[in-house]
Every structure is written in C-alpha cells, then in structure tokens.
Amino acid sequence: MKSSKKVSLFSLALLLLVVTGWSGWTGSAAAAPDSGKTYVIGTDITFAPFEFQDVSGKFVGIDMDLMEAIAKDQNFKYEIKPLGFNAAVQALESNQVDGVIAGMSITDERKQKFDFSEPYFQSGVVMAISENNNNVKSYEDLKGKKVAVKTGTEGYSFAESIASKYGFTIVPFDDSSQMYDDVKTGNSVACFDDYPVLAYGVNQNNGLKIVTEKEAGGSYGFAVSKGKNQELMQKFNTGLTNLKASGEYDQILEKYLGENASGPANQSRWGLIKDSLPPLMTGLGNTLLYTIVSLFIAFILGLIFGFMKVSRNKFLRGLATVFVDVFRGIPLIVLAFFIYFGIPQAFGFTMPLFLAAILTLSLNAGAYVTEIIRGGIQSIDRGQMEAARSLGLPYRKAMMKIIIPQAIRVMIPAFINQLVITLKDTSILSAIGLVELTQSGKIIIARTFSSFDIWLAVAIMYLIVITILTKLSGFLEGRLRRG
C-alpha cells in the first residue's frame, strides 16, 4: 500500500508539472496558443536606432527586434506597417492598425486615447548642433535663433517648454533626417531629440555633435487604442518581462547602443548609390503603378463629369461643377488624410493603404481631367455642331463623330501634363505611409544620413521619367497635327 501511494503521488506531481509547462521552474510565463490572428503594427522606419530599414530591406532596430522577440516568445503573428510617426498615431486612432511601436513616449495626454504597455525604454532629451559649430554650447546661446524639432516627440515638447525662457523659435519637421539636415545647412542652429537617437546618429557620422547633458525624460511604450486589443497588450507585457528575465532584452539594447554597436560602413558615393538603386527602383515602380491606375480611373471620372459639364441639363452641369470644385479645391494631403484616417474612423472600418492612395489620386486628378475634357470640347467652334445638326445628325452622333475627334487633339498635351502632375503628386502620399520613390529615398537617408547623394539620385530618376513623358507628349501632338 505504501509503494502504491508513493507512485500515485509521484504521478500527480509529474502531471502538474506537465500541465503548468514548468513555468514555476523557468521563472517565465508560458506563451498562449497561437490565435491565428495577424496583428498589424504601425511604426516609423526613419527613427534609427529604434526602427529603420537595413540594406537588405529588413525592418531592424531596438523596437523591431523587441517586437520580433516578443512575438516569438508569446507565439503570435504580426505585420509591420511603415507609416511615419504622425501617420502611425493617426492610424491607431482610426483603428487602421492594432498597435504602434515607434519610440512613442508615454504621456498623460496620450493616455487619454491609448493604453500603454509597461515602459520598455527610459529616454531623455539632448541638444545637438552642427559638428562645425563652435559658438553654441548651452541653451543661453539659442536666443534669437531657430531650433529644429520633430513633431510629436519628447524633443518637441521639451523645446516648446523652454522656448520662451531662452528666446528661440521652433521649426517643426516630420522626420529626424530632415531635422538634422536643417541644422547641418545652417537654417537652424540646433535641434532637440531623444538621446539614443541622436547618439546613434552621431555614431553614424550624421554631421552633428551633442553639446548638452541628457535631460530627464519619459519612457517609451507600446500602444493600443483605449480599451481595445487587450490580449495583444497582455502578450507584449508578458513577453517583455520574459525577455528581461532571460537577458535577451539587454542583448538587443547592446546591439544598437553598446560600445560595439556597428558604425557606418566605409562606402564610396557610387557604392552607396549602387546599393540604394534596388529600393529606389522599387519605389519608382510603385510610383508608376499608382500613377497609371489612378489616371485610368480619373479618365473615366473625367469622361463622365466632363460630358455632364457640357450637357444641356442644368442639374447634370451643377453636379459636375460641385465635383470639380470640391476635389480641385481640397489640398491633396488633406484629402489623403480624410480618406485614409477620417472616413474609417467615422464609420468604423479598415481601409487598405493602396485603396486610399488610389482614391485620393483618382478623385484629385479626375477633377482636373473633367476640366480638360470640358475645355477641349468647348474649344471646338460651335458652328460645327450647328452645321452637323442642320444636316440631320443627332446631338450624340454629332458629338462622337465630329466634335470629340477634334477635341482629342487639343486635349492630348493637357492629358500628358496631368500625367506628369499626378506622378509627382504621389510623393505627397508618403505622408500616409505610401512607399513610393520619395518615401524610398527618405528611408535610405534615415539609415545612411547621405541626403545629397540620395536626393540627387531621386531627382535624376524623376527627371528621366518626366522627360520621357514630355517627349512622348510632343511626339503625339505632332502626329495628330500631321494626321
């Protein structure tokens, strides 16, 4: 009986250990089963060393490595959505993403809208100036000068809090590389940014130097919308605790902020451009794709509303006029924000970035194409329509056989011009996270800090494409005139 009782107790203890996953022995919480859901995480990939894109196109940095390690520890899938900081925060507000990890400081104001994880990094603000500037050494030297800051960051808040005391003017930027360039070119005398970001940039030879001690700063946290995605928040907190206990958290920080953190690669100007060409060509391909698709839709809209504008029906003319006035009168970036963030938030659904970009470009270009078609039709002498009607031709047949063929010759140069405008307008949509040619350049500059070389390459690529389109316009116009 005693032997049997011992076997039973041993079996019960063994079963208890199996069920609990040995969590009491390992000191870490067991991961929950994979729910099958893929979480969409918004981020800013121009904020090294927390999030940026390496040469191979992989998203790396402290935040990216933490997210990958936590997802592995807690057994869940996720997809990174590169948007830029401001766009990522707006995407979270409008439920376009499930969470945001982007070096986001935990503040009382943000706590009103978002739930934050346990802090995963303690930050602080420092001031940097051009490495060739020996005149500015403290806040007192900023009087009467301009200071660059990045919107939505702790550096912006700190600069704003001391601006009146030290008498300087704040100049806001959307990403760090633009802010640094403004200081290097001398437009602003200094900039404020989070210490690890500036320290990493200085280590990467970004052309700046830090001249102040670190101010006491806030903490970074992972954010979800208020009261939503609590299962994701719990997984993040549990995974973060496990990473700190295992030492993997310290290894990630050491990788990007330690003494042995990788410095800038010794790369020639041509080598940099050569390595940057593949992502730039991908960005150019996206630019052309969005341009062609949106112009195809804009052409259809232009035909519909263009014929309505020359219609004999007052209601149709009025409707077409409203369409043109609305979508030609709203700035493209405002329209993009309204479609991608405003509408989904108002009606509670998620809109794909591709659809938002196409809608924005199509509606904007459609308004201009409408006017091109209206102007082309009305440029044809009215006497031709009257002559056709006097010969017994119906209005529609006279329009299709006599007026439209002549109007097309007038419209071709304007159509090509609109194609060029729409192609360049795609760069504005980088504000909502569209990775086209301009955004591709920003991403590379965030890693390399080589603004001149990359923007020169981007400018040349735009110039080549637009020159080809301009020559095509001249060729088609000449053919039509000879025809």
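Modeller: Gladly! Angles between axes under 35 degrees count as roughly parallel, over 145 as roughly antiparallel, 65 to 115 as roughly perpendicular, and the rest as oblique. Bear in mind that this is a predicted model, in which local features need pLDDT of at least 70 and side-chain atom pairs count only at pLDDT 80 or more, while totals for chains, interfaces and linings use all residues. Residues are numbered from 1 along each chain as its sequence is written, and side-chain values use heavy atoms, with hydrogens and water left out.

On the helix 3 side, I62, D65, L66 and A69 meet E248, Y249, I252, L253, K255, Y256 and L257 of helix 10, where contact means heavy atoms within 4.5 Å.

This pair leads us to the largest nonpolar core. Such a core is a set of buried Ala, Val, Leu, Ile, Met, Phe, Trp, Tyr and Cys residues joined through side-chain atoms within 4.5 Å; buried means under 20% relative accessible area, exposed over 50%, and partly exposed in between, with a 1.4 Å probe and protein chains only. It holds 44 residues, and those touching the most other members are I41, I101, Y120, Y180, C191, F222 and F236. At least two residues each come from strand 1 (38-43), helix 3 (62-74), strand 8 (121-130), helix 7 (176-184), helix 8 (195-203), helix 9 (230-246) and helix 10 (248-257). Helix 3 gives the largest share, 7 residues.

Y120 ties several of these pieces together. Beyond its neighbours within four places in sequence, Y120 contacts D63, L66, I101, A102, G103, M104, Y220, G221, F222, F236, L240 and Y249. Apart from this core lies another, of 41 residues, including I106, M308, Y340 and M351.

For contrast, here are two further helix pairs. Helix 13 (residues 332-347) packs against helix 14 (residues 353-378) at about 140°, with their axes 9 Å apart. That makes helix 13 oblique to helix 14, and their crossing is right-handed. L332, L335, A336, I339 and Y340 of helix 13 meet L353, A356, L359, T360, L361, L363 and N364 of helix 14.

Helix 14 also packs with helix 11 (residues 269-309), at an angle of about 40° and with the axes 6 Å apart. Helix 11 and helix 14 are therefore oblique as well, and this crossing is right-handed.

A88 counts as buried, at 0% relative accessibility. Leaving out residues up to four places away in sequence, A88 touches G42, T43, L83, V97 and V100.

Methods
Helix = DSSP H or I, 4+ residues; strand = E, 2+ residues; numbered from the N terminus. Axes fitted to C-alpha atoms, helices over the stretch in contact; angles between N-to-C directions. Left-handed = near helix turned anticlockwise from the far one by under 90°.
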